Amino acid sequence: MTASRGILFGTPWTRRPGSVPTMRRSMKTSLWDPEYQRGGVPSSVRESPSGALVWALDNWSRLDRAPAIGARGLDVGCGTGRNTAHLVSRGFEMTAFDSSEVAIERARQRFAGRPEQPELLLHDLTDGLPVASGSIDFIVDTFVYKHQVEPSTRRAYRAEMSRVLKATGRVLISVAEPDDDYYGACPSHPSDTAGPHAVIDPALDVGSVLFSARELMEDVADCLQLEMVWRKERPGEMHGAPAVRRTMATIWRRRAAQ
């Protein structure tokens with residue numbers, strides 16, 4: 001096996017197979033570790049895969065020239081590994097990462113003793129995507145893109161998506177909509193550049209950007225082309241309080257270079 005090489009937001013990197021990239025401890029890391037210990041956000045404790053992921057795989061055959069099920073996947077902000085586990089069970093060869101040490105340790109415990117072992121990395125998204133260029137068939141992003149509050153940060157993330165995706169690769173992006181009961185009632189984000197639907201979750205002190213379908217299409221138009229949308233409204237809870245959740249799952253393909 002050879003070492004993986006790539007570009008992390010303009011910085012060259014090399015990673016030996018099986019090694020864990022070094023990672024600086026960020027503010028995001030220090031905030032998410034307590035959340036995974038506390039479990040106020042449903043995804044921090046839920047064992048079943050995201051409904052957005054199940055929907056995407058159920059509709060996979062409808063996509064034009066989609067990679068075969070069981071291709072190479074990347075789970076961005078994988079948490080405790082529930083989506084990674086589902087993808088592994090469907091035959092995907094997975095790399096998954098999260099900036100939370102608590103979450104990654106639980107993900108490693110989830111796969112302890114299993115014959116199928118994904119590559120689980122402690123890694124921060126601000127350091128880019130820790131895979132080689134043109135190596136990924138399917139990127140899974142469930143409520144990670146929405147936490148990239150600044151437009152410049154989202155732009156850099158999209159450039160990384162374009163770098164690592166194969167020509168027929170797909171991206172699943174799941175976000176909360178502006179009329180979501182919980183996030184829609186959160187205080188506005190203090191940044192002047194974050195946009196009209198940027199908020200702060202007061203329970204976590206973590207920022208989010210809420211998108212309508214049109215706003216998300218405009219935001220990612222430089223790199224991604226929309227193929228399918230699923231809007232979902234259901235009763236749920238956040239931080240122990242009931243809330244009607246209004247979320248949106250979207251499937252994208254890499255936009256051809258102009």
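Of the 29 residues in the largest nonpolar core, which touch the most other members? In this predicted model, they are Val76 and Leu129.

View 1. Val76 and Leu129 are the core members that touch the most others. The largest share, four residues, comes from S7. A second, separate core holds 26 residues, among them Ala71, Cys78, Phe92 and Ile251.

**View 2. The surroundings of Val76.** Leaving aside residues up to four places away in sequence, Val76 touches Phe97, Leu125, Leu129, Ile139, Val140, Val144 and Tyr157.

**View 3. Strand S6 and its pairing with S3 and S7.** Seven of the seven residues of S6 are buried, and the strand is therefore largely enclosed by the rest of the structure. S6 pairs with S3 in the parallel sense over four bridges, with Asp75 standing opposite Val140 in S6. S6 also runs parallel to S7, to which six bridges join it, and here Phe138 stands opposite Arg170 in S7. Between S6 and S7 the chain crosses through H6, forming a right-handed β-α-β crossover.

**View 4. Helix H5 (residues 101–110) and the cap at its N-terminal end.** The cap is provided by Ser100, of which a side-chain oxygen lies 3.3 Å from the backbone nitrogen of Val102. Val102 is itself one of the buried residues of H5, together with Ala103, Ile104, Ala107 and Arg110.

Key: Residues numbered from 1 in each chain as written. Predicted model: local features only at pLDDT ≥ 70, side-chain atom pairs only at ≥ 80, totals over all residues. Heavy atoms only, no water. Core = buried A, V, L, I, M, F, W, Y, C linked by side-chain atoms within 4.5 Å. Buried < 20%, exposed > 50% of the residue type's maximum accessible area, 1.4 Å probe, protein only. Helix = DSSP H or I, 4+ residues; strand = E, 2+ residues; numbered from the N terminus. Contact = heavy atoms within 4.5 Å. Polar contact = N/O pair within 3.5 Å; in protein donor to acceptor, adjacent residues only side chain to side chain. Pairing = 2+ DSSP bridges. Right-handed = clockwise from strand over helix to strand, strands pointing away.
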